[in-house]
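Please look at the sequence and the model below before reading on.

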Amino acid sequence: MMSDVTLISIKEEILSENRELAGELRGKLNQEGVFLVNLMSSPGSGKTSLIVQTLRRLQDSYRIAVIEGDVDSAVDAERVAREGVPAVQLKTGGSCHLTAAMVEKGLEALALESIDLLFLENIGNLICPVGSDTGAHLNLAILSVPEGDDKPLKYPRIFQTADAFIVNKTDVLDYFDFDVEVFRNRLKRLNPGAPIFEVSCKTGEGIDGWCEWLQDRVEAGAIGQG
Ligand code: MG
Ligand code: ZN
């Protein structure tokens with residue numbers, strides 16, 4: 001029993017430390033005029049593809065950089081760097097979500113004064129990235145059509161707490177039992193105000209609408225939102 005109690009208090013302490021550091025990072029980013037977007041999803045749902053599609057459209061308007069978080073390898077950072085933006089790969093060596101301390105390391109590797117918009121690709125899962133504030137201004141969750149429209153029922157927390165949602169791979173809707181209206185209704189019950197963008201990173205469908213909305217958020221963030 002005692003060890004259980006101790007474990008809980010350690011976890012609380014780590015979480016509150018993380019929250020505090022995340023708040024500091026957000027303050028620093030605000031000072032430097034950097035808008036940080038945290039992308040969360042399962043592996044393979046299209047975080048890197050969405051980043052690539054987004055930066056191709058917004059690169060002329062903003063100075064963009066990317067921090068990639070993965071357990072191992074640098075393939076995602078290399079893919080993003082080929083688009084001509086600074087990319088940092090964080091290898092977590094087993095950890096399944098990014099903490100504020102890891103993000104701080106990523107920020108140290110970037111020239112923040114010459115960045116307006118920074119994407120953070122969180123390690124792929126729908127569970128624990130939600131519990132760990134990264135210092136981001138915007139938390140985006142991506143669900144792809146093959147994963148199914150039932151995910152809000154199974155992993156409610158990410159769907160309750162993200163600020164906006166992407167349904168990716170709409171080009172394969174005909175081949176899967178993903179009902180967009182059912183998904184929208186499930187999400188509306190959990191998170192009534194959050195916008196949902198239906199996109200295909202493969203065909204480019206819907207990406208412009210998402211980018212316009214993001215641009216509005218970046219502009220609003222630039223006027224001192226915390
Ligand atoms: Mg990726
Ligand atoms: Zn984790």
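We begin with S41, whose place is in strand β1, residues 35–41; helices (H or I, at least four residues) and strands (E, at least two) are DSSP runs, numbered from the N terminus. This is a predicted model, in which local features need pLDDT of at least 70 and side-chain atom pairs count only at pLDDT 80 or more, while totals for chains, interfaces and linings use all residues. Residues are numbered from 1 along each chain as its sequence is written, chains are lettered from A and ligands numbered from 1 in the order in which they are written, and side-chain values use heavy atoms, with hydrogens and water left out.

Is S41 buried or exposed? S41 counts as buried because its relative accessible area is 0%, where buried means under 20% relative accessible area, exposed over 50%, and partly exposed in between (1.4 Å probe, protein chains only). Leaving aside residues up to four places away in sequence, S41 touches K47, I123, G124, N125, L126 and I142, a contact being heavy atoms within 4.5 Å. With K47 there is also a polar contact between the two side chains, at 3.0 Å; such a contact is a pair of N or O atoms within 3.5 Å, and within protein one must be able to donate a hydrogen and the other to accept it, while residues adjacent in sequence count only if both atoms are side-chain atoms.

We turn next to the metals. The magnesium ion (ligand 1) is coordinated by T48 (OG1), D76 (OD) and E121 (OE), at 2.0 to 2.1 Å; donors are N, O and S atoms within 2.8 Å of the metal (3.2 Å for Na, K and Ca), and water is not among the atoms, so sites may look incomplete.

C96 counts as partly exposed because its relative accessibility is 37%.

On a 1 Å grid over the protein atoms alone, a cavity is a set of points where a 1.4 Å probe fits but cannot get out, and a pocket is an open set with protein on both sides within 12 Å along at least five of seven lines, while lining residues have an atom within 4 Å of a point. Grid points are joined across faces, edges and corners, and a volume is the space filled by probe spheres set on the points.

The largest pocket has a volume of about 270 Å³, and of the 15 residues that line this pocket, the closest to its centre are L15, H97, C128, G131 and S132. The second largest pocket, of about 220 Å³, is lined by 21 residues, of which P43, G44, S45, G46 and K47 lie nearest its centre.

The structure also holds one cavity of 30 Å³ or more, and its lining consists of L126, A141, I142, L143, I158, F159, F165 and I166. The largest share of this lining, three residues, comes from β5.
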